[in-house]
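Please keep the sequence and the model in view while reading.

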Amino acid sequence: MAETTFDLEALVALIPRLRRYARALAGDRARADDLVQDTLERAVIKRALWRSGTDLRAWVFTIMHNVFINQTRKAARDALPVDPAILAEIDTADGASAETYAQLNSIEISLAQLSDEQREVLLLVALEGMSYDEVAHTLGIPIGTVMSRLSRARARLAALLEGEAPAARTLKIVK
Amino acid sequence: MEFNDTDIHRLIDGQLAPEAQKAVSAWVEADPARRRQAAAWRRQRELLRARFDPLLVDALPPRLLMAAKIGRAANDGRMRRVAGVTTLAAACLAAGWFGHALVSSRAPVDILATLPARAAVAHRVYLPEVRHFAEVAAHEEHLIRWLSRRLATKVSAPTLIEHGFRLVGGRLLPGEDRPMAQFLYQNDAGKRLTLYVVALAAPNATRETAFRFEQRGEVGVFVWSEDGRGYALSGSLTREEMMPVARAVYDALNLAAKEPAKGPVIEPAKSPAVEPPKVPAADPRKSG
């Protein structure tokens, strides 16, 4: 059995984190779970390639990164990956609550406006709590690139969040 | 010492050794622009956690558990998005593989089962906030109206002044399938409580669960459900400290549900039980 060299329990224990990351990365629930499923299936298929004692989390997140890149290349994405239900709710709410609700969801809307590379780095650092070295290892990029993407992601997010209230209300991207 | 922006990133991402952390912190504190920068980036982290951390305690769809166990071989395209617990997933569950992970059935996410975990997460996220502890302040007229509207059920914030806690305000938390309301209380010692309210869908809407307590790390959570709403009161207090407050909340909400909401509820609980009350099977106070 492969179980002695591939820790299936540890893989299952990663599922909630994979779902959290995928949800923030892909922007909608169904697409996120598809991403996680593809990742898990690949991880099981490739389990012989994982070296016991090495960082399983980084290994699995690398797989998810690769699956995401491939999916992105295949899919023609012209719309921002924001759950249309959220935008619909903002549109129908009254003035005061629309603004407040928009604040709560603006992080998600703003996140969707980052480039994929910026979003991946920001999420691995801020959500998953990876060290910059781990992020570099997971994404296969130099640490300097990690820092510049992180920096740009945060600067962009800050700009979007600051001027976000009007922008959130005028977003018409609903698919 | 010469530091730069990269060090600010390192600081807020916890990437610095304790000595360096002290030095960079001091450097940041010494300049208003750097302070603002650090605060903005910290705030982003908190918003991300608040928005996405609740997913960590959601029930896992069977198709993902299957994928982890058997990969693609047996889990072909037909398994995608199929709800329902399969024999295999059930067997894995029986083998104790999933620990605290919850397996979902065809019914929606069991809100009540995950309520303590969600409430504790929400409590921890907003606990250290200074400016943004509440999104909408208590005195703002539309707080209750807004939250009741978003949850599509009547919500109220019980008064806890007798226990030293005043209502600071509230916020709406977007959940995976429905929003939740959070009320924030604080006492003069700076101790904070959060009351988490969620509207329950069938079949949970008619369930009434007894008052129960769960310790989640350093956060204690009292949970119960009644009248189609799930409640969780969270605090970094001991069970003994929280008990009287939790009972007061329970009693106040119990009364509020039965009386027309016209001003503050001032009548004390009718049955001064020593133990937290279990909801009786046939409550004579309930209207038909």
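**A helix end and a loop in chain B**

S148(B) is part of helix 7 of chain B, which spans residues 142-151; helices (H or I, at least four residues) and strands (E, at least two) are DSSP runs, numbered from the N terminus. This is a predicted model, in which local features need pLDDT of at least 70 and side-chain atom pairs count only at pLDDT 80 or more, while totals for chains, interfaces and linings use all residues. Residues are numbered from 1 along each chain as its sequence is written, chains are lettered from A and ligands numbered from 1 in the order in which they are written, and side-chain values use heavy atoms, with hydrogens and water left out.

With a relative accessible area of 16%, S148(B) is buried (buried means under 20%, exposed over 50%, partly exposed in between, with a 1.4 Å probe and protein chains only). Leaving aside residues up to four places away in sequence, S148(B) touches T153(B), K154(B) and V155(B), where contact means heavy atoms within 4.5 Å.

A152(B) lies in the loop between helix 7 and strand 2 (166-173) of chain B. A152(B) counts as exposed, because its relative accessibility is 69%. Its phi is near 55°, a positive value in a residue other than glycine. Most residues other than glycine have a negative phi.

**Helices of chain A**

Chain A has 9 helices and 0 strands. Of its 175 residues, 55% count as buried. Among the contacts in chain A with a separation of 6 or more, 71% join residues 24 or more positions apart.

How do helix 1 and helix 3 of chain A cross? The axes of helix 1 (residues 8-26) and helix 3 (residues 56-74) of chain A come within 11 Å and cross at roughly 40°; axes are lines fitted to C-alpha atoms, for helices over the stretch in contact, and angles run from 0 to 180 degrees between N-to-C directions. The two helices of chain A are therefore oblique to each other, since angles under 35 degrees count as roughly parallel, over 145 as roughly antiparallel, 65 to 115 as roughly perpendicular and the rest as oblique. On the side of helix 1 of chain A, the contact includes L14(A), R17(A), L18(A) and Y21(A), and on the side of helix 3 of chain A it includes R57(A), V60(A), F61(A) and M64(A).
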